[in-house]
Amino acid sequence: MRRGEMEMATSATTDAAEEPRARELTREEGRRLLDERARRFLHMSGAEFRRRYAAGELDPDDDHVLGVALLLPLAD
Amino acid sequence: MAGRTPHEALAAFLGPLQRALSCVTPAVLVHRPPVPDHVQALGVSEEPIRLTTTGGGPAPRLYLEQQYELVKAPGEHGPWKVTTRAYRYRIDSPAGTELVLWHWHPADRQGNPHRRPRPHLHAQVGELRGRHLLTGRVSMEAVIRVLLDDFDVRPRRSNWRSVLDAAEAQFEQWRTWP
């Protein structure tokens with residue numbers, strides 16, 4: 001697992017009895033994931049991303065800005 | 001996807017998507033508990049998403065995000081259903097160069113219509129770079145199929161075609177937009 005990635009079940013399978021399942025995050029887990037993505041792709045914390053995005057300081061047409069912005073509700 | 005409760009509708013939405021994702025990666029979808037009538041996020045447990053190729057060479061890199069909303073719906077589409085509100089799908093070369101991006105983000109950060117509200121594609125080559133090439137709405141499953149059909153990505157399930165066929169059939173059956 002790469003540094004900074006959340007530790008999550010990721011077992012491979014072709015067996016229907018072991019189908020991987022989507023994972024429901026707590027608010028804190030969502031906040032950590034948002035923070036990790038903002039730092040990885042935009043070199044700022046999740047909190048800074050939220051503030052600067054709301055203030056219109058980030059280019060909404062930048063692909064990584066869009067990617068992190070779509071994840072904002074994970075931390076709500 | 002419809003359900004008797006918000007939880008049931010969300011499970012019906014996520015199940016086929018997760019199965020489709022498992023065709024190319026062990027990563028899993030991540031989301032928050034369902035909250036009706038609020039835009040919510042759907043991400044993946046790692047990004048870029050690790051892929052492998054059939055030939056064992058360097059693999060393309062994948063990015064997937066969606067936003068969705070649990071809404072009341074009439075008839076067979078209800079009483080609860082999930083509707084997609086936005087997406088961003090992206091495939092990079094193994095070296096990290098942007099190749100193709102599918103975007104749909106009809107609202108801006110304040111909820112007002114975006115200046116580019118229609119689904120579009122960015123092909124990051126030559127004179128197409130920076131252009132907004134209009135598309136229909138694109139499913140996550142379709143992007144996974146592109147990876148398997150055209151990017152030499154190794155399937156992780158022997159039944160990947162039937163998994164994607166089933167997921168896309170549900171997508172077509174339940175979508176309420178053109």
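Predicted model: local features only at pLDDT ≥ 70, side-chain atom pairs only at ≥ 80, totals over all residues.
**Entry 1: chain A as a whole**

I began with the elements of chain A and found three helices and one strand. Read from the N terminus, their order is β-α-α-α. I then looked up burial and noted that 32% of the 76 residues in chain A are buried. For contacts in chain A between residues at least 6 apart in sequence, I noted that 44% join residues at least 24 apart.

**Entry 2: helix H1 of chain A**

I checked the length of H1(A) against its residue count. Its 16 residues should span 22 Å at 1.5 Å a residue, and the end C-alpha atoms are 21 Å apart, so the two figures agree. Next I listed the buried residues of H1(A): A:Gly30, A:Leu33, A:Leu34, A:Asp35, A:Arg37 and A:Ala38. Against what do the buried residues of H1(A) pack? In chain A they pack against helix H2 (46-54) and H3, and in chain B against strand E2 (29-31) and strand E3 (39-44). I also looked just past the end of H1(A), where A:His43 has a positive phi of about 60°.

**Entry 3: H1 against H3 in chain A**

I looked up how helix H1 (residues 27-42) and helix H3 (residues 63-70) of chain A pack. Their axes are 10 Å apart and the angle is about 175°. Angles over 145 degrees count as roughly antiparallel, and H1(A) and H3(A) are therefore roughly antiparallel to each other. From H1(A), the residues that meet H3(A) are A:Arg37, A:Ala38, A:Phe41 and A:Leu42. On the H3(A) side I wrote down A:His64, A:Val65, A:Gly67 and A:Val68. Sorted by class, this contact has five nonpolar, two polar and one charged residues. I note that A:Arg37 and A:Ala38 are also in the list of buried residues of H1(A).

**Entry 4: where the chains touch**

How many residues of chain B are in contact with chain A? I found 34 residues of chain B in contact with 32 residues of chain A. On the side of chain B that touches chain A, at least two residues each come from helix H1 (6-21), E2, E3, strand E4 (61-72), strand E5 (80-92) and strand E6 (98-104). E3(B) gives the largest share, four residues. By class, I noted 12 nonpolar, 11 polar and 11 charged residues on this side of chain B.

In E2(B), B:Val30 is the residue opposite A:Arg23.

**Entry 5: helix H1 of chain B**

H1(B) has 16 residues and reaches 22 Å from its first C-alpha to its last, close to the 22 Å expected at 1.5 Å a residue. I listed its buried residues as B:Pro6, B:Ala9, B:Leu10, B:Phe13, B:Leu14, B:Pro16, B:Leu17, B:Arg19, B:Ala20 and B:Leu21.

**Entry 6**

I followed E6(B) to its partners. E5(B) and E6(B) pair in the antiparallel sense over six bridges. They form a hairpin with five residues between them. In its turn, B:Gly96 has a positive phi of about 100°. I found B:Asp92 opposite B:Glu98 in E6(B). E6(B) also pairs with strand E7 (residues 120-123) of chain B, in the antiparallel sense and over four bridges. For this pair I noted B:Val100 opposite B:Ala123 in E7(B).

I placed B:Trp104 in strand E6 of chain B. Is B:Trp104 buried or exposed? A residue counts as buried with 20 or more other C-beta atoms within 10 Å. B:Trp104 has 23, so it is buried. Beyond its neighbours within four places in sequence, B:Trp104 contacts B:Ala86, B:Tyr87, B:Pro119 and B:Arg137. From B:Trp104 to B:Thr5 I noted 99 residues in sequence and 27 Å in space, C-alpha to C-alpha.

B:Pro106 is in the loop between E6 and E7 of chain B. B:Pro106 counts as partly exposed because it has 13 C-beta neighbours inside 10 Å. Leaving out neighbours within four places in sequence, I found B:Pro106 in contact with B:Ala86, B:Pro113, B:His114 and B:Pro117. B:Pro106 and B:Pro119 are 13 residues apart along the chain, and their C-alpha atoms are separated by 8.0 Å.

Notes. Residues numbered from 1 in each chain as written. Chains lettered and ligands numbered in written order. Axes fitted to C-alpha atoms, helices over the stretch in contact; angles between N-to-C directions. Parallel < 35°, antiparallel > 145°, perpendicular 65-115°, else oblique. Contact = placed C-beta atoms within 7 Å. Nonpolar A, V, L, I, M, F, W, Y, C, P; charged D, E, K, R; others polar. Expected span 1.5 Å × (residues − 1). Buried ≥ 20, exposed ≤ 12 C-beta atoms within 10 Å, placed from the backbone. Pairing = 2+ DSSP bridges.
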